[in-house]
Amino acid sequence: MMAITLKNVASVAGVSTATVSRALAGSERVAPQTASHIKTIAEDLGYRFDNVARALRQKRSNLVGMVVPDFAFPYVQELLVALNQELFQAELVLACVSSFGALDRELAQVERLLGQRIDALLLMPVDPVGSAAVVDIARAEEVPVFQLFRRVQHA
């Protein structure tokens, strides 16, 4: 089954794709009755926003990348829950991956996330000194980097 597009919705509604786009975005430039009609048709057809197209237009992905050494690290799960809650409120999505505790994999994962056009990078570095090159790569692409350092307490 092919994805339903703005063009499909516009064809059924008998309006332009621009009108459909405005109506679904909540623009006041579309009469309330027309907007309601378009939204009903879009819902009936199963239309979903194309976040990739939106990201291209806005030059934002609304995606925050995060690299952790290991998902089993203490407090990582709590951190993921808290971050997801906050990012959800800001209409952002968190993409979290593991570096498996290796610098080369940390770099590979950051490269993959940069390929997704992340808007920010949260990095729990494998090695604060060795990970500096990874941070430099992200910053060279003008992606804000936030390093999350873990402190180990000894008994």
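Author: Happy to! Let us begin with V110: leaving aside neighbours within four places in sequence, V110 is in contact (heavy atoms within 4.5 Å) with V67, L121 and V134. This is a predicted model, where local features need pLDDT of at least 70 and side-chain atom pairs count only at pLDDT 80 or more, while totals for chains, interfaces and linings use all residues. Residues are numbered from 1 along each chain as its sequence is written, and side-chain values use heavy atoms, with hydrogens and water left out.

Reader: How many residues does the largest nonpolar core have?

Author: A nonpolar core is a set of buried Ala, Val, Leu, Ile, Met, Phe, Trp, Tyr and Cys residues joined through side-chain atoms within 4.5 Å. Buried means under 20% relative accessible area, exposed over 50%, and partly exposed in between, with a 1.4 Å probe and protein chains only. V67, V110, L114, I118, L121 and L123 have the most contacts inside the largest core, and its residue count is 13.

Reader: In what order do the elements run from the N terminus on?

Author: The protein has 7 helices and 4 strands. Starting at the N terminus, their order is α-α-α-α-β-α-β-α-β-α-β.

Reader: What radius of gyration does the protein have?

Author: This radius is taken over C-alpha atoms, and the globule rule is 2.2 Å times the number of residues to the power 0.38. Along the principal axes, the C-alpha atoms fill a box of roughly 70 × 30 × 30 Å. A compact globule of 155 residues would be near 15 Å, but the protein has 21 Å.

Reader: Where is E91, and is it buried or exposed?

Author: Most residues other than glycine have a negative phi. E91 has a positive phi of about 60 degrees although it is not a glycine. The place of E91 is the loop between α5 (76-89) and β2 (93-98), and with a relative accessible area of 66%, E91 is exposed.

Reader: What is the relative accessible area of R117?

Author: R117 lies in the loop between α6 and β3. Its phi is positive, about 60 degrees, although R117 is not a glycine. R117 is exposed, and its relative accessible area is 57%.

Note on methods:
Helix = DSSP H or I, 4+ residues; strand = E, 2+ residues; numbered from the N terminus.
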